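Take a walk through this protein chain, one region at a time. Keep the viewer open and find each element as it comes up.

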Amino acid sequence: MEDYPCDVIRNFSIIAHIDHGKSTLADRLLEVIPLFLKNVSMTKKEQQLTGTINKKVSGGKNEQVLDKLKVERERGITAQTARYAIANFVHPNIRELMFISMIHKFNGKDYLLNLIDTPGHVDFAWEVSRSLAACQGAVLLVDASQGVQAQSISVFHNAKERGLKIIPVLNKIDLPASQPERIAAQMQSTFGIDPSEILHISAKTGKGVDAVLAAIIDRIPPPVASADSPLKAFLFDSMYDKYRGVISLVSVQGGVLRKGDKIASCYTRKKYEITELGIMYPEEIPTKSLNPGQVGYIACNMKQSSEAHIGDTIHRVGETVEPMAGFQPTKAMVFAGVYPIDNSDFPKLEESINRLTLTDRSVTVQRESSSALGQGCRLGFLGTLHMDVFRQRLEDEYDANVIITAPTVPYKLIYKDKEVLISNPTDFPDVGDMGVRVKEVQEPVVKASIIVPEEYFGDMMELCYSHRGEDLEHRYLDSGTTSARIMLNCILPLSEIVTDFFDQLKSRSSGFASFDYEDAGYRSSDLAKMVFLLNGKPVDALALIVHRSAQDAIGRQWVKKLHKVIPKQLFEVPIQAAVGKKVIARETLKAMRADVTAGLYGGHYERKMKHLENQKEGKRKMKKMGTVDLPQEAFFEILSNKK
């Protein structure tokens with residue numbers, strides 16, 4: 001590692017919207033790529049780019065090297081970070097690739113290139129931010145057939161704020177639908193990028209990828225660090241190993257890190273001894289040291305994943321350093337209760353959740369119990385996709401059958417003397433307490449960006465207004481063309497996004513719209529808690545926090561869903577949605593009735609009426625004392641079916 005000083009080190013990431021080819025470009029950078037001449041046939045010559053991984057002899061090219069999980073490949077997330085990495089006790093043969101080091105010879109000189117992976121979905125903006133903090137440059141990848149998308153814009157501005165050098169790249173130029181000149185003009189108007197600086201490549205065939213490597217070396221500045229300064233290392237990610245404990249990924253900002261060094265955390269003040277360190281090439285390669293500007297992993301007998309705080313600064317014991325600025329702990333934005341379908345499976349479910357959180361630092365866990373669903377856990381996620389991926393991993397890796405309650409967001413209750421964050425609807429105060437104890441209720445809002453073709457602009461405005469959008473504004477990205485696109489910006493409540501907003505966005509735009517959002521703080525809102533009553537008794541697991549303007553529609557929708565799934569009882573069951581003491585929707589579940597007059601024959605009709613009155617009185621008594629138990633299958637059907 002001493003042979004690679006700062007001037008031959010390049011730390012970079014690839015930022016792109018989903019399906020713009022980030023995984024494919026990473027694969028091409030990491031292997032021996034065959035040249036395609038005239039896009040017709042492959043020559044016998046092969047150009048060695050980095051040679052970090054061997055090209056497959058049979059079965060085609062390497063595909064999605066950074067994506068190890070089935071869920072990653074299915075959803076195109078491309079985020080081989082601690083959140084998605086499989087713990088070694090689950091699949092010991094699969095390693096986590098949060099960054100990869102490559103040795104590339106350029107102009108007769110060996111360069112050390114560190115590719116630091118970033119997630120490619122809107123939910124993981126925090127993960128992208130901490131990955132970019134370890135880089136000096138980024139490759140901005142844009143699909144030449146689709147153009148600039150919302151996610152690319154937000155990540156670009158994040159990178160520019162950090163002072164990163166941007167290398168613009170147009171991918172998929174080999175497609176018949178590609179329009180590189182139009183998309184280059186679009187990038188110029190959106191990002192202010194000179195079209196002459198944009199590289200044109202096809203990551204699928206390998207065309208132009210060598211120019212990307214040359215641009216990374218020529219354009220991205222080397223890290224600025226000194227071996228003589230005190231040790232300072234930036235912790236940008238972590239993973240968990242069954243035998244070695246927490247493995248921290250660090251970027252050395254100054255000094256030299258060696259095996260056996262005594263280190264300490266600026267945030268927790270805890271001390272450790274380094275037992276192993278090295279780089280990913282692409283597997284873990286132990287080294288004697290990590291020098292200034294280099295990126296690597298360290299093992300230091302750290303037992304709990306909670307001790308490795310992303311954004312923390314590591315220093316040598318006995319030395320004082322200034323912590324790196326911008327450290328912010330992760331903040332959960334979506335909460336949901338997770339319960340086993342069979343209550344006896346809760347110990348197994350809790351153990352499965354604890355194992356997954358070892359490799360997913362972004363999930364918060366808290367025990368909770370429900371009178372209807374029994375024992376469970378309240379989990380906090382970065383977004384709805386994060387929640388869906390976590391649920392799928394529970395099912396795929398641990399065969400867990402779970403019920404997930406409706407997702408909620410953290411609301412802020414302002415009292416006269418304090419502020420309280422509420423994420424569980426059952427903890428939300430009733431309507432009677434709102435005017436007396438609570439001064440104001442605030443909900444989280446986001447600044448949303450939607451990029452859509454011009455013909456769908458009206459539908460998008462209607463969608464935003466129907467979801468309580470405010471401060472709408474728009475501008476054309478590429479006016480004067482037959483397929484002009486518009487970027488729409490507005491303020492949306494986060495609670496409106498976590499329901500079915502994204503599904504409606506895609507359906508109303510025929511799949512052409514792209515969506516991105518960033519946190520915009522809290523705003524005052526007129527909210528209330530809605531409870532559902534079965535035979536006059538509330539069901540705590542179904543409580544919702546709703547806006548007053550939508551309470552009637554939501555109440556009717558949920559009452560109809562309950563009416564479909566609740567099994568019939570021996571007595572009539574009223575199903576009600578109530579806000580405070582006001583019932584806003586009702587459905588009546590008819591009772592199961594035996595034909596008590598079937599055995600009667602002849603005689604006066606009063607004989608039949610007597611039997612019917614006796615049955616009616618019995619039903620009335622049962623209704624007073626009876627209880628309605630919702631089976632777990634009914635809960636599962638209610639909460640898994642959005643319609």
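Predicted model: local features only at pLDDT ≥ 70, side-chain atom pairs only at ≥ 80, totals over all residues.

Helix H10 covers residues 457–466 and helix H11 covers residues 494–508. Their axes lie 10 Å apart, and the helices pack at an angle of about 160 degrees. An angle over 145 degrees counts as roughly antiparallel, and H10 and H11 are therefore roughly antiparallel to each other. Their crossing is right-handed. Who makes the contact? H10 brings Asp459, Met460, Glu462 and Leu463, while H11 brings Phe501, Gln504, Leu505 and Arg508. By class, this contact of H10 with H11 has four nonpolar residues, one polar and three charged.

Step back to the whole chain. The protein chain has 643 residues, and 56% of them count as buried. Its secondary structure comes to 14 helices and 33 strands. Take the contacts in the chain with a separation of 6 or more: 70% of them join residues 24 or more positions apart.

Helix H1, residues 22–29, gives a local view of burial. H1 is mostly covered, with seven of its eight residues buried. The buried residues of H1 are Lys22, Ser23, Leu25, Ala26, Asp27, Arg28 and Leu29.

Now look for a sheet. Four strands form an open sheet in the order E20-E21-E19-E22, and the pairing is antiparallel. Which strands stand at the edges? Strand E20 (364–370) and strand E22 (402–404) do. Each has a single partner strand, so one side of each is left without a neighbour in the sheet. From one strand to the next, the twist averages 30 degrees. Zoom in on E22 and its pairing with strand E19, residues 334–340. E19 and E22 pair in the antiparallel sense over three bridges. Valine 338 has isoleucine 404 of E22 as its bridge partner.

A helix lies across this sheet. Helix H7, residues 346–358, lies across E19, E20, E21 and E22. H7 runs at about 15 degrees to E21, the strand of residues 374–381. H7 also meets helix H8, residues 384–398. The axes of H7 and H8 come within 11 Å and cross at roughly 115 degrees. That makes H7 roughly perpendicular to H8. The crossing of H7 with H8 is right-handed. On the H7 side, the contact residues are Lys348, Leu349, Ser352, Ile353, Arg355, Leu356 and Thr357. They meet Phe390, Arg393, Leu394, Glu397 and Tyr398 in H8. The residues of this contact between H7 and H8 divide into six nonpolar, two polar and four charged.

Next, follow strand E12, residues 262–265. How many bridges join E12 and strand E13? E12 pairs with E13 (residues 271–273) in the antiparallel sense over three bridges. Alanine 264 stands opposite lysine 271 in E13. The two strands form a hairpin with five residues between them. In its turn, arginine 269 has a positive phi of about 65 degrees. E12 has another pairing, with strand E18, residues 313–316. This one is also antiparallel, over three bridges. Here serine 265 stands opposite isoleucine 314 in E18.

Two asparagines deserve a stop. Asparagine 301 is found in strand E17, residues 295–302. Its phi is positive, about 60 degrees, although asparagine 301 is not a glycine. Asparagine 301 is partly exposed, with a relative accessible area of 43%. Asparagine 535 has a positive phi of about 55 degrees, and it is not a glycine either. Asparagine 535 sits in the loop between strand E29 (527–534) and strand E30 (537–538). Is asparagine 535 buried or exposed? Its relative accessible area is 14%. Buried means under 20%, so asparagine 535 is buried.

Finish at serine 202. This residue lies in the loop between strand E8 (199–200) and helix H6 (209–219). Serine 202 is buried, with a relative accessible area of 0%. What does serine 202 touch, leaving aside its neighbours within four places in sequence? Its contacts are Asn171, Lys172, Ile173, Asp174, Lys207 and Val209.

Technical notes. Residues numbered from 1 in each chain as written. Heavy atoms only, no water. Axes fitted to C-alpha atoms, helices over the stretch in contact; angles between N-to-C directions. Parallel < 35°, antiparallel > 145°, perpendicular 65-115°, else oblique. Left-handed = near helix turned anticlockwise from the far one by under 90°. Contact = heavy atoms within 4.5 Å. Nonpolar A, V, L, I, M, F, W, Y, C, P; charged D, E, K, R; others polar. Pairing = 2+ DSSP bridges. Buried < 20%, exposed > 50% of the residue type's maximum accessible area, 1.4 Å probe, protein only.
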